[in-house]
Amino acid sequence: MAVLTNAERIKRWARFMRENNESIPVSKDQLRAVYDAVDDFVETIQTPYNQAIPQPARGLLSSRQKARILMDVIEERFVRLP
Amino acid sequence: MASGNTLCVFTATAGVPPSSNYATLDTRNSQPVLEFDAATDESIVFEGILPSNYSGGGITCVLQWAGDTATTGDVMWTTEFERRATDMDSDSFATVVAGAAASCNGTSGIPTYTSIAHTDGAQIDSLAVGEGFRFRVTRDANHASDTMAGDAVLIAVLLKET
């Protein structure tokens, strides 16, 4: 899947600012740059992430399922409050 | 005597949302605030009557606001008046007056006071004593100088004679 379009990045960036409830010590532009960088980073890890998934799941799960599992692990490790 | 006189005070709960792109009413520590988005221009309208102690010196609008979550960055506020002398079914606000870039406090939740001065006459839509008016506050979120991430929360507005 290709990187997000500019409009999609803007949408996500705007939503983050709207929903965030933690202190933000950076400017809007700096936050937007994070979204650009993270989207570009995700593009670079698609292949190694897929390689990290053991067979037969690697060959049988859909891209969406693999993405949801990654999101789930990240959320449990870094986002969900104890 | 006239300069500095308080003309009107509006708190967040007095805000009337426009039909679209309106600041949303919320609470912060049980205190009503109006939240202005960081990515889309949003507005709120207040309604009043120009009191008899106005002496024609112009009106300074003092916005009491804070960063919702931000501890750095600037907000671009604009204000405009509409004299209630035309058909209520159409908006007829006078030309917008833009404030300078206003920096949020380094601690989220501590208010900043930002003043925007309107000269008498056209900038207050030629409003006269005893006349009804609407007063619109907008965050110009897509302005290049509006750099504060997250919502700007408007707490209250003071209109005083300049």
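In which loop of chain B is the place of Ser126(B)? I found Ser126(B) in the loop between E10 and E11 of chain B, where helices (H or I, at least four residues) and strands (E, at least two) are DSSP runs numbered from the N terminus.

I noted before going on that this is a predicted model, in which local features need pLDDT of at least 70 and side-chain atom pairs count only at pLDDT 80 or more, while totals for chains, interfaces and linings use all residues. Residues are numbered from 1 along each chain as its sequence is written, chains are lettered from A and ligands numbered from 1 in the order in which they are written, and side-chain values use heavy atoms, with hydrogens and water left out.

**Backbone.** I read a phi near 60 degrees for Ser126(B), a positive value in a residue other than glycine, and a phi near 55 degrees, likewise positive, for Asp125(B). Asp125(B) sits in the loop between strand E10 (112–118) and strand E11 (132–139) of chain B. In chain A I looked up the peptide bond that joins Gln55(A) and Pro56(A), which is cis with omega about 5 degrees; Pro56(A) belongs to the loop between H2 and helix H3 (57–60) of chain A. I keep in mind that most residues other than glycine have a negative phi, and most peptide bonds are trans.

**Helix packing.** I find H1(A) and H2(A) packed at an angle of about 125 degrees with axes 10 Å apart, the axes being lines fitted to C-alpha atoms over the stretch in contact and the angles running from 0 to 180 degrees between N-to-C directions. The two helices are therefore oblique to each other, since angles under 35 degrees count as roughly parallel, over 145 as roughly antiparallel, 65 to 115 as roughly perpendicular and the rest as oblique. In contact (heavy atoms within 4.5 Å), residues of H1(A) including Arg12(A), Trp13(A) and Phe16(A) meet residues of H2(A) including Lys28(A), Tyr35(A) and Asp39(A).

**Pockets.** I take a pocket as an open set of points on a 1 Å grid over the protein atoms alone, where a 1.4 Å probe fits, with protein on both sides within 12 Å along at least five of seven lines; lining residues have an atom within 4 Å of a point. The largest pocket holds about 2000 Å³ of space, a volume being the space filled by probe spheres set on grid points joined across faces, edges and corners. Its lining has 37 residues, and among the closest to its centre are Arg12(A), Val38(A) and Met71(A). H2(A) gives the most to this lining, with 12 residues.

The second largest pocket has a volume of about 150 Å³. I count 13 residues in its lining, with Trp13(A), Lys28(A), Asp29(A), Ala141(B) and Asp146(B) nearest its centre. H2(A) again gives the most, with three residues.
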